[in-house]
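Trainee: Could we go through this model together? I would like to begin with helix packing.

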Amino acid sequence: YQYPTRQGVEIKWLVQGIGTAIAVLVAAAAWFVRSRREEVLPAETGPVARLEPGMKRRDIPPAELAQVFLVMLAIWSIASCRWSHWPEVSWGEGLRQLGIILWAIALGRTLTFRGVRYIAFGLTAVLAVAAVIGIWYHIERAPDQRLKFPIGNPIFFAACLLPGILMAVSGLIGVGIRLSGGSQSGTASAASKPGSISAGVIWAFAGSTVALVALLWAFYLADSRGPQMGLAVGLMIAGCCLAKGKKRWILLGIMLVVLAILAAILLSRRTETAMFRLFCWQYAWDLFLERPVVGHGQGGYVLLAQALSRTDAEFNPNLFPAEMLGHAHNEWLEILADLGIVGFVLIALALAATFWGGMLALQRAKTGCERWTIFALLGSFVAIVACEATDVGLRMPGLPLVYSTILSLLWAVSRGGENAGPPARQHGGQVRLGGLAAGVVLCGATLTAAARDWQGALADYAATKHSSKMEWDSALQQA
């Protein structure tokens with residue numbers, strides 16, 4: 001209550017900006033240390049000898065391709081202010097997307113697989129605690145509403161829970177295989193034989209069970225169809241990636257049938273919101289056809305779809321209860337309308353490269369821990385991508401941080417190996433100092449952008465408050 005804002009969630013953007021700045025600074029420092037040039041023997045001189053074994057190939061890893069495409073998308077989004085109908089919003093939203101991408105890149109290029117396990121465990125624990133808090137709030141304060149606290153919307157909250165659910169499921173599967181004496185690597189250790197149960201296995205089973213119960217309970221209380229469909233798609237696609245040969249195609253066929261049945265069941269509930277989304281998707285498609293190559297600029301849909309929805313809102317008032325239309329309820333269609341074919345191709349290539357890297361990592365995993373961790377990450381990634389075909393969560397605070405963290409973890413594991421770290425080319429002192437200085441500058445710029453965005457949120461609330469009291473001079477001063 002000390003720092004009120006219009007929606008009460010803008011503080012999350014500030015926290016995310018501060019976290020991104022810290023992650024960028026840590027990544028720059030890590031690169032500075034890893035890129036230090038070591039002395040080599042005379043027989044090993046030459047440019048190839050100064051590279052790590054993994055750097056002697058010229059193949060570009062899928063994770064690096066995905067990072068390049070996402071940075072290009074952010075730059076294209078910022079550049080869209082040149083032809084946008086709302087240039088200030090295009091500039092600000094483009095910078096916000098760049099900050100989210102920087103968070104993912106900083107983590108993805110810094111973590112080892114061991115670090116990925118710790119981050120995945122921490123993310124699951126945080127989501128489980130959020131689920132418990134949400135359940136308590138639902139029972140005590142709002143039992144007649146769908147669960148939305150502490151994220152602020154049932155759909156966004158359910159989407160945030162998807163990685164936690166899949167992590168807990170993969171944890172239980174891994175513990176079950178361990179208890180049954182199975183081994184994903186083809187060998188069986190003494191600790192994995194039937195009847196040999198260590199304290200770590202017991203704690204892993206108990207923690208995964210408790211977390212899964214809390215997460216599924218909260219997911220059920222949120223009762224959101226998009227995340228439900230996303231969870232099914234994520235589990236099935238990740239399961240298909242685990243299978244090989246004919247089994248993969250059989251699973252794919254079963255998946256399509258199950259998804260068709262599930263879609264029919266989910267669409268039969270709350271038909272008004274389903275019809276509303278069809279209208280929103282049509283507006284996005286119409287705007288795309290008006291300017292198909294470059295789009296209308298970031299934020300163009302929110303501005304231009306208002307006029308397109310006027311007639312439909314007059315004839316279908318029950319489907320348009322809000323004063324403004326908002327977003328397209330389909331992230332990928334909104335990108336198509338805002339950034340055109342160029343933006344859509346960039347995001348499609350980034351998603352495809354990320355999925356391909358995760359699938360390759362899943363296939364070459366040597367241990368059960370590796371395999372089921374990657375299974376959960378890949379399933380979480382696919383689940384959120386599928387969920388966002390009916391949602392606007394990536395435009396709101398909360399889900400972008402979870403989603404970008406999953407991206408970074410997938411990029412990190414795609415390098416392969418239990419102790420595999422980011423390959424670092426060796427450079428001289430001037431290059432290293434220049435890279436470190438660039439990281440410091442980028443960290444400062446991110447903090448500045450986050451602070452200005454927060455000050456804008458405070459001023460927006462103050463201006464609205466003064467306007468409601470007809471204090472026009474004070475309102476204009478805040479604006």
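**Helix packing and selected residues**

Mentor: Helix α2 (residues 62-79) packs with helix α3 (residues 87-108) at an angle of about 165°, and their axes are 7 Å apart. Helices here are DSSP runs (H or I, at least four residues), numbered from the N terminus. Axes are lines fitted to C-alpha atoms over the stretch in contact, with angles from 0 to 180 degrees between N-to-C directions. This is a predicted model: local features need pLDDT of at least 70, side-chain atom pairs count only at pLDDT 80 or more, and totals for chains, interfaces and linings use all residues. Residues are numbered from 1 along each chain as its sequence is written, and side-chain values use heavy atoms, leaving out hydrogens and water.

Trainee: Which way do α2 and α3 run relative to each other?

Mentor: α2 and α3 are roughly antiparallel, a term for angles over 145 degrees.

Trainee: Which residues of α2 meet α3?

Mentor: Among them are Leu70, Val71 and Ala74, and the α3 side includes Trp91, Leu95 and Leu98.

Trainee: Changing topic, where is serine 404, and is serine 404 buried or exposed?

Mentor: Serine 404 is in helix α14 (residues 399-413). Serine 404 counts as buried because its relative accessibility is 2%, buried being under 20% relative accessible area with a 1.4 Å probe, protein chains only.

Trainee: What does the side chain of serine 404 reach?

Mentor: The side chain reaches the backbone oxygen of proline 400 at 2.8 Å.

Trainee: How many disulfides are there?

Mentor: The whole structure has zero disulfides, a disulfide being a pair of cysteine sulfur atoms within 2.5 Å.

Terms used: Helix = DSSP H or I, 4+ residues; strand = E, 2+ residues; numbered from the N terminus. Buried < 20%, exposed > 50% of the residue type's maximum accessible area, 1.4 Å probe, protein only. Polar contact = N/O pair within 3.5 Å; in protein donor to acceptor, adjacent residues only side chain to side chain. Parallel < 35°, antiparallel > 145°, perpendicular 65-115°, else oblique. Contact = heavy atoms within 4.5 Å.
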